[in-house]
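Good morning, colleagues. Please look at the sequence and the model now.

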Amino acid sequence: FGLPVFRWPKTQFVIDQIAAWWRENQCQRRTSLILAYSVGKAQRILAELLATCGSDVAKDIAVHGAMLGPNRAYREAGVELPDLPSAASLSSSYDWSRSLVIGPPSSQSTGWVKRFTDPSIAMASGWMAIRGTRRRRNVDRGFVLSDHVDWPDLISAIDACSPEQVWVTHGFSDVVSRYLTQRGLSARVLQTRFSGEEPEPTGIPGVPAVEESPGDNSQYFTNS
């Protein structure tokens with residue numbers, strides 16, 4: 001997320017958005033299906049929602065089977081998470097009209113989704129900061145929630161270290177490297193075979209998917 005466009009809102013603001021979206025879908029008797037990574041992001045959403053809405057809402061939450069193991073591991077590590085059912089374990093006659101279901105992004109294109117009542121599909125990711133990504137993902141809502149640093153925190157972390165050199169790898173490396181160089185730091189791109197999250201088109205002119213070579217992106221530098 002090494003571009004100035006990536007600036008995360010406060011977590012509580014996003015959780016309040018998710019809770020409001022869920023309540024609105026309940027009024028319309030629609031299933032709320034939120035796509036999030038199975039390890040880390042899903043558990044963060046669960047913990048934050050329960051802290052905001054109260055533990056009673058757990059009765060209306062189900063998860064994809066891929067999240068059962070990670071949820072159990074979190075509980076065994078001392079994180080307070082309810083023992084939620086997998087959506088597939090509930091009967092075919094189950095009323096999903098009040099439910100919040102959390103599934104991995106890959107589940108969106110599978111038959112697993114067909115069990116839900118007129119689902120409103122959302123995604124929680126830092127990529128949701130880019131409107132074009134929400135359209136390409138074909139989701140009704142995008143919630144900007146990331147476990148990575150955003151642009152301000154990335155630059156602040158570098159500044160806090162007062163480094164003699166900065167080697168930048170993965171993602172928009174050339175953007176970060178050039179920005180730091182323009183600020184007087186010694187920075188260069190370090191080419192590696194590392195591959196992190198799945199590539200995402202940015203939808204920003206001149207800035208292709210994260211795993212590609214971004215080219216000349218000087219128009220996205222900021223001095224703020």
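Predicted model: local features only at pLDDT ≥ 70, side-chain atom pairs only at ≥ 80, totals over all residues.

Is Cys 27 buried or exposed? Cys 27 is exposed, with a relative accessible area of 71%; here buried means under 20% relative accessible area, exposed over 50%, and partly exposed in between, with a 1.4 Å probe and protein chains only. Cys 161 also counts as exposed, at 58% relative accessibility. Across the whole structure, a search finds zero disulfides, a disulfide being a pair of cysteine sulfur atoms within 2.5 Å.

Residues are numbered from 1 along each chain as its sequence is written, and side-chain values use heavy atoms, with hydrogens and water left out.

Let me turn to the interior. In soluble globular proteins, nonpolar side chains tend to be buried together. The largest nonpolar core here has 31 residues; such a core is a set of buried Ala, Val, Leu, Ile, Met, Phe, Trp, Tyr and Cys residues joined through side-chain atoms within 4.5 Å. Among the residues with the most contacts inside this core are Phe 6, Ala 87 and Trp 112. Its largest share, four residues, comes from α6; helices (H or I, at least four residues) and strands (E, at least two) are DSSP runs, numbered from the N terminus. Apart from this core lies another, of 26 residues, including Ala 19 and Met 67.

Now to the rings. The search of the whole structure finds eleven aromatic pairs. Rings of Phe, Tyr and Trp (its six-membered ring) pair if their centres lie within 6.5 Å; planes under 30 degrees apart count as stacked, over 60 as edge-to-face and the rest as tilted.

How are Phe 6 and Trp 127 arranged? Their ring centres are 5.6 Å apart and their planes at 90°, so the pair is edge-to-face. Phe 6 lies in the segment before α1 and Trp 127 in the loop between β4 and α4, so the pair ties together parts that are 121 residues apart in sequence. Phe 6 and Phe 172 have ring centres 6.5 Å apart and planes at 25°, so this pair is stacked. Both Phe 6 and Phe 172 are buried. Ring pairs link Phe 1, Phe 6, Trp 8, Trp 127 and Phe 172 into a cluster.
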